[in-house]
Amino acid sequence: MDILSIVGLVLALNAILVGAVLKGAGIMALVSAAAFMIVVVGTIAAIFIQTPLNVMRRALKIFPWIMKPPASNAPLLITKIVEWSNTARKQGLLGLEPTIEREQDDFVKKALQLVVDGSEPEAISNAMYVELSVREHADVTAAKMFEGAGIYSPTLGIIGAVLGLMAVLQNLTDPAKLGAGIASAFVATIYGISLANLFFLPVSNKLKGIIHRQTQFREMIIDGMMCIAQGENPRAIEAKLQGYLH
């Protein structure tokens, strides 16, 4: 569980609510159905237009990663790769076959299968880097959906403010409504800027960081499997893979 994401979301919400109270506006001043429709519903509409269905599904699937990133225990995997290397040196590559069924990670299983099948190191590298590239591209594209929402929401907030000011200008003959009308007009701007800078953009950047770490983790897997296929010394393999931990 990523405690920083939880704390960050709570602090973001409190920053707006407590800030409104301290500024004297009050929490109820932030409640506006019109602003919600223009900014929130409008942003969702823009994302629907921009994003293919498969990308949106992937984005919603990886969103929980900000709270609970995918498990990737690099030190444990290095230990396993060294053990597999010892097994391969003593029993041959076919000695690794029982290991394939015990592995839960599909990426590791595929790489192990290529090694057991006796594929050349270069062939293993080519096949696994293609899969790595495709997975990374799909995840980064999904993360950019939130980045897009962070771009659209402030603009829609400005549209909401302009529409609110237009309503105010239509009531210039009634001074009693001017103050409340102008204040209400800027609620949409608050919605747009707050959603962008306290939610959408941070979520996008967090996901991109997680995806980058996953890519490094998988690169380590590929290097380890190539070393096994090349019959390198287990100690040399361990020393090489330890570099990924820094």
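Is E103 buried or exposed? With 10% relative accessibility, E103 counts as buried, where buried means under 20% relative accessible area, exposed means over 50%, and partly exposed is anything in between (1.4 Å probe, protein chains only). The legends below start from that residue.

A quick note before the views: this is a predicted model, in which local features need pLDDT of at least 70, side-chain atom pairs count only at pLDDT 80 or more, and totals for chains, interfaces and linings use all residues. Residues are numbered from 1 along each chain as its sequence is written, and side-chain values use heavy atoms, with hydrogens and water left out.

**View A. E103 sits in the loop between α5 (97-102) and α6.** Helices (H or I, at least four residues) and strands (E, at least two) are DSSP runs, numbered from the N terminus. Leaving out residues up to four places away in sequence, E103 touches K80, W84, V108, K109 and L112; contact here means heavy atoms within 4.5 Å. To repeat the burial value, E103 comes in at 10% relative accessibility.

**View B. Helix α6 (residues 106-116) meets helix α7 (residues 121-169).** Their axes come within 10 Å and cross at roughly 165 degrees. Axes are lines fitted to C-alpha atoms, for helices over the stretch in contact, and angles run from 0 to 180 degrees between N-to-C directions. The two helices are therefore roughly antiparallel to each other; angles under 35 degrees count as roughly parallel, over 145 as roughly antiparallel, 65 to 115 as roughly perpendicular, and the rest as oblique. The α6 and α7 crossing is right-handed, the label used if the near helix is turned clockwise from the far one by less than a right angle, with left-handed for anticlockwise. On the α6 side, look for D106, F107, K110, A111, L114 and V115, which meet I124, A127, M128, E131, L132 and R135 in α7. Sorted by class, this contact has eight nonpolar, no polar and four charged residues. For the classes, Ala, Val, Leu, Ile, Met, Phe, Trp, Tyr, Cys and Pro count as nonpolar, Asp, Glu, Lys and Arg as charged, and the others, Gly among them, as polar.

**View C. Helix α4 (residues 74-91) packs with helix α10 (residues 234-242).** The angle is about 160 degrees and the axes are 9 Å apart. That makes α4 roughly antiparallel to α10. The crossing of α4 and α10 is right-handed. From α4, the residues making the contact are I78, I81, V82, S85, N86 and R89, and from α10 they are P234, I237, E238, L241 and Q242.

View D. M220, D223, G224, C227 and I228 of α9 meet I237, K240 and L241 of α10. By class, those residues divide into five nonpolar, one polar and two charged.

**View E. Ring pairs link F63, F146, F199 and F200 into a cluster.** The structure holds three aromatic pairs. In one of them, the rings of F199 and F200 have centres 5.2 Å apart and planes at 70 degrees, so the pair is edge-to-face. Rings of Phe, Tyr and Trp (its six-membered ring) pair if their centres lie within 6.5 Å, with planes under 30 degrees apart counted as stacked, over 60 as edge-to-face and the rest as tilted. F199 is partly exposed at 24% relative accessible area, whereas F200 is buried at 14%.

**View F. T43 is in helix α2 (residues 33-50).** With a relative accessible area of 3%, T43 is buried. Setting aside neighbours within four places in sequence, T43 is in contact with I38, A149, Y152, S153, L156 and F200. F200 also belongs to the ring cluster of the previous view.

**View G. F186 lies in the loop between α8 (178-185) and α9 (187-229).** F186 is partly exposed, at 41% relative accessible area. L165, found in helix α7, counts as partly exposed at 31% relative accessibility. F186 and I66 are 30 Å apart in space, C-alpha to C-alpha, and 120 residues apart in sequence.
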